[in-house]
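Trainee: I would like a close look at a single residue in this model, and then a view of the protein around it. Please take the local part before the overall one.

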Amino acid sequence: MSPAAAFSADDERYMRHALQLAAHARDAENEVPVGAVLVLDGEIVGLGWNRNITLNDPTAHAEVMAMRAAGEKLANHRLVGATLYVTLEPCAMCAMALVHARVARVVYAATDPKTGAAGSVFDTLISEHHNHRIAVQGGLLAEEASTMLREFFRARR
């Protein structure tokens with residue numbers, strides 16, 4: 001079975017939306033192109049893209065921005081049952097925020113071999129040390145996300 005077979009049409013649709021947000025981060029704010037879409041019960045409840053440079057906020061990663069928007073919309077700091085779609089594997093900071101928010105599932109596109117905390121470098125999302133574990137699937141539209149990131153950094157050099 002190919003990796004793509006494990007993903008639904010909805011998974012692909014939400015990841016394509018996350019890729020659009022990543023392009024927005026790159027084009028509108030000259031941020032590292034990472035986008036995130038948070039979905040609960042088939043409804044988008046939070047959108048985010050990297051804004052740490054724009055906001056002078058080291059925590060303003062796409063995942064955190066999407067969770068902040070969802071928390072505000074739902075009037076709840078817990079996002080139980082939600083799925084996060086993100087174009088780059090979450091870092092340790094974002095992974096722990098996802099664990100604390102009780103997100104159910106993370107679907108990411110490109111792996112992050114330097115700081116990935118969803119299996120590449122760390123296994124934060126599934127660690128038995130936490131009282132909550134998150135289902136993780138990676139590789140959905142990975143080539144598109146990887147190409148966008150590679151071209152962004154190549155242009156900056």
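Mentor: The model is a predicted one. D57 sits in a loop, with α2 (52-55) on one side of that loop and α3 (62-74) on the other. The relative accessible area of D57 is 19%, and the cut-off for buried is under 20%, so D57 counts as buried. Once the neighbours within four places in sequence are set aside, D57 is in contact with N52 and R68.

Now the wider setting. The protein has five helices and five strands. Their order along the sequence is α-β-β-α-α-β-α-β-β-α. The radius of gyration is 14 Å, close to the 15 Å that the globule rule gives for 157 residues, so the protein is as compact as a globular protein of that length. Along the principal axes, a box of roughly 40 × 40 × 30 Å holds the C-alpha atoms.

Among contacts with a separation of 6 or more, 56% are between residues 24 or more positions apart. The accessible surface is about 7,900 Å², and carbon and sulfur atoms make up 53% of that area. On charge, there are 15 positive and 18 negative side chains, and 3 Å lies between the centres of the two sets.

Terms used. Residues are numbered from 1 along each chain as its sequence is written. This is a predicted model: local features need pLDDT of at least 70, side-chain atom pairs count only at pLDDT 80 or more; totals for chains, interfaces and linings use all residues. Side-chain values use heavy atoms; hydrogens and water are left out. Helices (H or I, at least four residues) and strands (E, at least two) are DSSP runs, numbered from the N terminus. Buried means under 20% relative accessible area, exposed over 50%, partly exposed in between (1.4 Å probe, protein chains only). Contact means heavy atoms within 4.5 Å. The radius of gyration is taken over C-alpha atoms; the globule rule is 2.2 Å times the number of residues to the power 0.38. Accessible areas come from the Shrake-Rupley method with a 1.4 Å probe; for residues, only the protein chains shown count as cover. Lys and Arg count as positive and Asp and Glu as negative; His and the chain ends are not counted. The place of a charge is taken as NZ of Lys, CZ of Arg, CG of Asp or CD of Glu.
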